[in-house]
Amino acid sequence: MFCNAKNNNIKIDQSDMDYISFGKGNKDLIIIPGLGDGLRTVKGMAIPLAFMYKKFAKEYTVYIFSRRNNLTNGFTTQDMAQDIVKVMNLLNISNADILGVSQGGMIAQCIAINNPERVNKLVLAVTSSKSNEMINNVVGNWIQLAKKNDFKNIFIDTAEKSYSEKYLKKYRKYYNILWIVSKPKDYKRFIIQANSCLTHNAYNDLDKIKCPTLIIGGKKDSIVGVNSAKEIADRISNSELFLYEDYGHAVYEEAKDFNERVLKYLKR
């Protein structure tokens, strides 16, 4: 199996959580994905995700956690953070480096604030400490589209707001195929997770994060905005900020040096 990649599921409270693991390193790295998890969990994605993050496999045993499968209305980023801490306990992960992407970065903030002993180093990518006008407009629109079961326009709007024009020129012609094959069965989890983005507010508590923290943003981010990364960096004293000039929200996929940059920071 590539990089010892495994698909896993674990019971948590009255629900369960899909996660994958790969790598054989002595240290643990937890990756928390973004809002797309509300449309599709990591179930069955062990090989492609292990390939995407293969640079970490030598140094780390990597865990990528979805949210629990049965989310209840009103579930918050704080609740999602506590779920990950519960699963860390179940898997005997005493502490770990954490990479949170987009909504995953919101969840990672909550872990570092409320359970600082569980986080060695923290990487927050294309995320925000609180909602803003851009997030309200973009995510609010996705919620309304989800309520209409309009996945086609969710898919297209997400792509157009996430990727660079250079990338989009290659892949726009495949939209009509891609949105059909990736269409979710229902939208309940997505709507709950999207609403948790709108209510997330860790800004005033960011100064409680004392672990070394790398904040990565894209100057062309059309979902959370570039100022969100700057706001986080200003509030976390032991932090570094890096902004990609030519990328937006999908910088973690588009920038060829993204994983290497994160790994170098974690190994420092």
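**Helix packing and cysteines in a predicted model**

At 10% relative accessibility, Y175 counts as buried, where buried means under 20% relative accessible area, exposed over 50%, and partly exposed in between, with a 1.4 Å probe and protein chains only. This is a predicted model, in which local features need pLDDT of at least 70, side-chain atom pairs count only at pLDDT 80 or more, and totals for chains, interfaces and linings use all residues. Residues are numbered from 1 along each chain as its sequence is written, and side-chain values use heavy atoms, with hydrogens and water left out.

Y175 sits in helix α7, residues 175-181; helices here are DSSP runs of H or I, at least four residues, numbered from the N terminus. Leaving aside neighbours within four places in sequence, Y175 is in contact (heavy atoms within 4.5 Å) with F155, I156, A159, E160 and L168. The C-alpha atoms of Y175 and F155 are separated by 8.2 Å.

Next, a helix pair. How do α4 and α5 pack? Helix α4, residues 133-147, and helix α5, residues 151-162, pack at an angle of about 160 degrees, with axes 9 Å apart. They are therefore roughly antiparallel to each other, a term for angles over 145 degrees. On the α4 side, V138, N141, W142, L145 and A146 meet N153, I154, D157, T158 and K161 in α5. By class, that contact has 5 nonpolar, 3 polar and 2 charged residues.

Last, the cysteines. The count comes to 0 disulfides, a disulfide being a pair of cysteine sulfur atoms within 2.5 Å. For C211, the nearest cysteine sulfur is that of C110, 13 Å away. C211 counts as buried, at 13% relative accessibility, and C3 as partly exposed, at 25%.

Methods: Axes are lines fitted to C-alpha atoms, for helices over the stretch in contact, and angles run from 0 to 180 degrees between N-to-C directions. Helices (H or I, at least four residues) and strands (E, at least two) are DSSP runs, numbered from the N terminus. Angles under 35 degrees count as roughly parallel, over 145 as roughly antiparallel, 65 to 115 as roughly perpendicular and the rest as oblique. Ala, Val, Leu, Ile, Met, Phe, Trp, Tyr, Cys and Pro count as nonpolar, Asp, Glu, Lys and Arg as charged, and the others, Gly among them, as polar.
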